[in-house]
Each structure stands twice: as structure tokens, then as C-alpha cells.
Amino acid sequence: MKPFNIFKTEFINTLHQIDEKKFYGCIKMLKELRKRGGRLFIIGVGGSAANASHAVNDFRKICNIEAYCPSDNVSELTARTNDDGFDYIFQDWFKTSKVNKKDLILIFSVGGGNLKKKVSVNIINALKYANTNKIKSICFVGKKDGYAFKNSSISVYFNIYNKKLVTPISEAMQALMWHAIVSDPELQLNKTKW
């Protein structure tokens with residue numbers, strides 16, 4: 001089988017296994033967030049950070065949800081990394097923004113963070129801060145053994161069999177999920193241009 005066919009097959013198989021109850025749980029949680037006037041904070045690192053930035057636009061423009069991506073401010077991100085360490089960039093940003101239980105955290109991550117391997121510790125610290133302060137969270141992840149999957153209010157798991165494709169399929173699924181969510185009639189308030 002050609003590489004593109006392998007990718008397509010894996011993508012389709014992963015898509016069919018997404019838990020619809022969790023998808024609609026995300027819709028409900030985001031609808032409640034908008035109703036109470038809370039803010040949505042979307043975090044991710046690497047390709048997931050780029051997805052987070054794009055998703056902020058869609059939640060704001062299409063759904064009228066006040067949304068932010070902490071990694072969008074390169075000056076603050078690099079200053080916090082330089083002064084306090086990369087592990088605390090989101091947690092400290094949350095403190096400055098006074099993120100509270102009225103708000104919601106959305107995590108885009110391939111693995112969801114692993115303390116033993118020291119991977120995505122910034123996501124772990126952000127989620128610890130959220131849970132300590134009774135802030136609800138949603139994660140979209142490609143691994144069940146990561147911190148985010150085990151500790152988020154709603155964990156949407158992308159079950160990817162081909163381990164060589166975990167990163168690209170996870171990041172592609174993040175985009176599919178947020179686009180499906182902002183296009184849902186329960187959340188979409190504004191028409192798209194095209």
C-alpha cells in the first residue's frame with residue numbers, strides 16, 4: 001500500500017472511533033461556557049500550538065466565544081521561558097489572566113504530557129493549576145497514558161494503531177474536531193464567508 005493510502009486509512013479508522021458522546025459533551029460544555037460569559041483558553045506546543053492559535057480565531061469569529069491562545073504572544077512566551085522555565089509558561093500565564101472556574105481550558109496534545117519522560121510538562125502544570133482551581137478542561141490527545149487524558153474533565157482520545165503516525169494523525173484530528181465543534185448548530189452563531 002502506498003504511504004498516502006496508509007495515512008488515509010489510519011485517519012479514517014481513527015475518525016470512526018471517536019466517542020460521539022464525548023464530542024457532544026464538548027459541545028455542551030462550550031455552550032455552557034458561552035452562556036455564563038466565561039473565557040476559553042486553548043493550549044498546545046509544537047504543531048498543537050499552531051492548531052490552538054487557529055482554533056482561537058474560529059471560536060471567537062464563528063461562535064462568539066471569548067478565546068485566547070497563550071503561545072500567540074511570542075514576547076511573553078519567550079520571556080517566561082527565559083525567566084521561569086518552559087515548564088511554567090501556561091500556568092503562570094493563567095495566573096496573570098486570573099483564569100477561574102467560570103473559564104474553560106482546551107488542550108491540544110499528541111501525548112498529553114508525561115512527568116517521567118519530562119515531555120509537555122507545561123501542559124501538566126497548566127492542568128494541575130486548572131484542577132486545583134476547579135477549572136474544567138477538555139483535551140484532544142493521541143495517547144491514553146498521558147497526564148491530560150487521565151486528568152481532564154473530558155478526554156477525547158484518538159485511537160491510532162500505526163504508532164509511526166501518532167503525531168500527524170493526532171494533530172490532523174485536533175483540526176477536524178475543533179472545526180466540527182465550531183460548525184455544530186448548537187455553537188455556530190455566525191456564518192462563514194465561503
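I worked from a predicted model. I looked up the strand order first. Five strands make an open sheet, ordered β2-β1-β3-β4-β5, with parallel pairing. I then checked the edges. β2 (67-68) and β5 each have a single partner strand, so one side of each lacks a neighbour in the sheet. Next I took the β3 and β4 pair. The two strands run parallel and are joined by five bridges. Leu106 sits opposite Ile138 in β4.

**Helices.** I looked at what covers the strands. α3 lies across β1, β2 and β3, at about 155° to β1. α8 lies across β3, β4 and β5, at about 130° to β4.

**Largest core.** Which residues touch the most other members of the largest nonpolar core? I found Leu30, Leu40, Ile42, Phe59, Phe140 and Ile181, out of 38 residues. I then listed the elements that each supply at least two residues: α2 (20-36), β1 (40-43), α3 (47-63), β3 (104-108), β4 (136-141), β5 (154-157) and α8 (166-183). α8 gives the most, with eight residues.

**Ile42.** I left aside its neighbours within four places in sequence. Ile42 is then in contact with Ala52, Ala55, Val56, Phe59, Tyr68, Cys69, Pro70, Leu106 and Phe108.

As background, nonpolar side chains tend to be buried together in soluble globular proteins.

Key. Residues numbered from 1 in each chain as written. Predicted model: local features only at pLDDT ≥ 70, side-chain atom pairs only at ≥ 80, totals over all residues. Heavy atoms only, no water. Core = buried A, V, L, I, M, F, W, Y, C linked by side-chain atoms within 4.5 Å. Buried < 20%, exposed > 50% of the residue type's maximum accessible area, 1.4 Å probe, protein only. Helix = DSSP H or I, 4+ residues; strand = E, 2+ residues; numbered from the N terminus. Contact = heavy atoms within 4.5 Å. Pairing = 2+ DSSP bridges. Axes fitted to C-alpha atoms, helices over the stretch in contact; angles between N-to-C directions.
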